[in-house]
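Dear colleague,

Please find below the structure that I am handing over to you, together with its sequence. My findings follow directly after it.

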Amino acid sequence: MKRIITFGTFDIFHIGHINILKRARKLGDELIVGVSSDELNLSKKNRYPVYCQEDRMEIISSLKFVTHVFLEESLELKLEYIKKYKADVLVMGDDWEGRFDWVKHECEVVYLTRTPSISTTEIIEIVRKI
């Protein structure tokens, strides 16, 4: 059995999220998703998500191709999460290209191309202008 792990905020859920999660799942038998906590998002992006962590976790766990969801509380714990969930492959968007190569001694690392012309940040900016 091949376990895939990925991480993200998944705020203002959109087609780009669906695309990357479906493609990640195709790489293995199980897809384990770490959803960034509200506090982690604040430290990464200098803002809280629009949707709280419980709601974002509920959205991701409702997807039929996601096997398990957990709360990611620190970027520095990636390796511990990989070990805890016995992941064979870490999947990240290509905007993180090379930034997680340091875990290659524990699992394969794959960077998937993001869906062009869509991001949560762009959606938030468009809504603010309306």
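**Cores and their surroundings**

In this predicted model, the largest nonpolar core consists of 18 residues, and those with the most contacts inside it are Leu21, Leu31, Val33, Ile60 and Val66. At least two residues of this core come from each of helix H1 (15-25), strand S2 (30-36), strand S4 (89-93) and strand S5 (108-112). H1 gives the most, namely four residues. Apart from this core lies another one, of 17 residues, which includes Phe70, Met92, Trp96 and Phe100.

Leu21 deserves a separate note. Leaving aside its neighbours within four places in sequence, Leu21 is in contact with Thr6, Phe10, Phe13, Leu31, Val33, Ile60, Leu63 and Phe65.

**Helix H3**

In helix H3 (residues 53-61), the buried residues are Gln53, Arg56 and Ile60. Seen down the axis of H3, these buried residues fall within an arc of 65°, so they line one face of the helix. They pack against H1, S2, helix H2 (38-45) and strand S3 (68-72).

**Strand S1 and its partners**

Strand S1 (residues 3-8) has five of its six residues buried, so it is largely enclosed by the rest of the structure. S1 and S2 run parallel and are joined by six bridges; Gly8, for instance, has Val35 in S2 as its bridge partner. Together with H1, these two strands make a right-handed β-α-β unit. S1 also pairs with S4 in the parallel sense, over three bridges, and here Thr6 stands opposite Val91.

Yours sincerely

Definitions and conventions
Residues numbered from 1 in each chain as written. Predicted model: local features only at pLDDT ≥ 70, side-chain atom pairs only at ≥ 80, totals over all residues. Heavy atoms only, no water. Core = buried A, V, L, I, M, F, W, Y, C linked by side-chain atoms within 4.5 Å. Buried < 20%, exposed > 50% of the residue type's maximum accessible area, 1.4 Å probe, protein only. Contact = heavy atoms within 4.5 Å. Arc of directions from axis to C-beta. Pairing = 2+ DSSP bridges. Right-handed = clockwise from strand over helix to strand, strands pointing away.
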